[in-house]
Amino acid sequence: MSTFHNSIAQYYHQRTKYDPETIASKGKTLDPSQQPYPFKEYKIGQVFDLKAVLSDGDSGSRAARQWRRLSRFLLCSYGITAKMATLFGPPVYLRAAPSAGGLYPAELYLISRGTEILPPGLYNYQGQTHSLVRFWEKEVSLELQGACFNHPAIAQIPLTLIVSAIFYRSAWRYEDRAYRRIFLDTGHLLGNLELAGAINGYRPHLIGGFNDEAIDNLLYFDAEREGAIAVLPLADVEAGEPTSRLSRTVLPSTIERDYPELSDGELLGYLHRATKIKTLQSTAEPLQEASLEDKYNFPFCLKVPMATPPIDFGERLKGLEQTILRRRSTRTYSGGSLNLAELKAILGFTYQPQDYSARGLDAAPDYFDLGLLQTFIVVLNVEDLDVGCYYFAPQAQELRQIRFKNFQQEVHYLCLGQELGRDAGVVVFHTADLQRAIAKYGDRAYRYLHMDAGHLGQRLNLIAIHLGLGVSGIGGFFDDRANEVLGIPADEAIVYITTLGRPRNEE
């Protein structure tokens, strides 16, 4: 196990790894009475009910159409899509974006400079009632622009989304490791925002580099409990607002190497504070556009072409919208095989967005830096494809086999004994060279990596569900055992695991 740490992000990653020797001692008994409420409440403010405009159709005034589009966009991004009764206590509400443990740490805010339907002010999206509450009535566009270091999208687009995280919602269950899950969950939400935007005529412009304290103050956050983690000016395509990328999505933070020995329970808060940006920083590695070159090329390995035609989601992407609203994480797989055509379709939708531009989707959706993430695929049960470990090369659109073994037993174990790892047909691993990422973006790279992995993970989720398959993300795993299975260096971080398989039909 590596003990080399250049920065607080590397230190955090090492300290929050799960290991068979120590995981039992780190577990705690959860107190259900302390489980946080997954919805933020505002006692005062002007309420805009979005339920009434969900089914207005395309008729009516321009304003009515604007309301319907915004309502459908928010519902498909982070709205309530199911309500489950429980034996004891309140019901469980499930949302359009998946969340580890159903804890939903994210909150959505809108900042309006003044649009045809939304007067200037600050709004919170109330998922439980599908409404917006305007809790501040003054325009704050100049403050927002300054907090985003004069990003041109803020100046040109009158409506901006802010994604925040309420840390305790996840930390209640996952303790310090919750920081990883919070950003994976946010990545899921970013995936929904991208796709729901395309369905409803919006184009989110992703901004990851901003003055954290200024945004938090602007929205009146208690910074110990909640923090802004993504800013997205929301271009209205129908109004002719800009849809092409206006500036880079990322800025670096500092690299903190002088940090104290931290106790359990202190890591999450310390890392979040250390990854904040106050002023524009320079890094050891110049900031460049993300390189999407395939990292690994093995001259003598089996190479399997994966190019495939895009899927048709129907008129106005109705099939995709329905998939978003019925998506659920799969709990059990049957152990049955996938077929190669299904795997090709899954990887094509996830990694080749340019193929879907004619279908009405964004050909180049915003990520932070996909060039920092690598994809490995462990094949357990796919027809016409040998078992083993493959590197997926998205530019060449091919699988490159690097290990020749059935890893079912090892994957089952490293997924903490979850049957999802044993019975899946395919297990997808997203990894990153953490040291390289931090050299480029400072410790804040840790946020970017997990949000990008979650964004890819949400595309995997949705296309699998659309094809009638099962899918479930796994954020809890034995980190170093995963490196051993993939055959990659111990210092390369495993960021996320997604399992894909045949769902078990339950009576």
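A residue is called buried when its relative accessible area is under 20%, exposed when that area is over 50%, and partly exposed in between, using a 1.4 Å probe and protein chains only. Tyr448, at a relative accessible area of 3%, is therefore buried. The model is predicted, so local features need pLDDT of at least 70 and side-chain atom pairs count only at pLDDT 80 or more, while totals for chains, interfaces and linings use all residues. Residues are numbered from 1 along each chain as its sequence is written, and side-chain values use heavy atoms, with hydrogens and water left out.

**Sheet**

- Helices (H or I, at least four residues) and strands (E, at least two) are DSSP runs numbered from the N terminus.
- An open sheet is formed by 7 strands with antiparallel pairing, in the order 10-15-14-12-16-18-17; two strands pair if DSSP finds at least two bridges between them.
- Strand 10 (303-305) and strand 17 (470-474) are the edges; each has a single partner strand, so one side of each lacks a neighbour in the sheet.
- From one strand to the next, the twist averages 25°; axes are lines fitted to C-alpha atoms, for helices over the stretch in contact, and angles run from 0 to 180 degrees between N-to-C directions.
- Strand 14 (residues 388-393) and strand 15 (residues 398-403) run antiparallel and are joined by 5 bridges.
- Cys389 has Arg403 in strand 15 as its bridge partner.
- Gln397, in the loop between strand 14 and strand 15, is a residue other than glycine with a positive phi, near 55°.

**Helix 16**

- Helix 16 (residues 479-486) lies across strand 12 (373-379), strand 14, strand 15, strand 16 (426-433) and strand 18 (492-501), and runs at about 75° to strand 18.
- The buried residues are Asp479, Asp480, Ala482, Asn483, Val485 and Leu486.
- Gly487 follows helix 16 and has a positive phi, near 75°.

**Aromatic rings and charges**

- The structure holds 22 aromatic pairs; rings of Phe, Tyr and Trp (its six-membered ring) pair if their centres lie within 6.5 Å, and planes under 30 degrees apart count as stacked, over 60 as edge-to-face and the rest as tilted.
- Phe313 and Phe349 make an edge-to-face pair, 5.6 Å centre to centre with 70° between the planes.
- This pair links distant parts of the chain, 36 residues apart: Phe313 is in the loop between strand 10 and helix 10 (318-326), and Phe349 is in helix 11 (residues 340-351).
- Phe313 and Phe349 are both buried.
- Tyr441 and Tyr448 are also edge-to-face, at 5.7 Å centre to centre and 90° between the planes.
- Tyr441 is buried, with a relative accessible area of 1%.
- One aromatic cluster is made up of Tyr12, Tyr179, Phe183 and Tyr446.
- Arg181 places its charged end over the ring of Tyr174, 3.8 Å from the ring centre; a charge sits over a ring if NZ of Lys or CZ of Arg is within 6 Å of the ring centre and within 35 degrees of the ring normal.
- The charged end of Arg444 sits over the ring of Phe210, 4.8 Å from its centre.

**Cysteines**

- The whole structure has 0 disulfides, a disulfide being a pair of cysteine sulfur atoms within 2.5 Å.
- Cys301 is in no disulfide, and the nearest cysteine sulfur, that of Cys389, is 11 Å away.
- Cys301 counts as buried at 14% relative accessibility.

Methods: Contact = heavy atoms within 4.5 Å.
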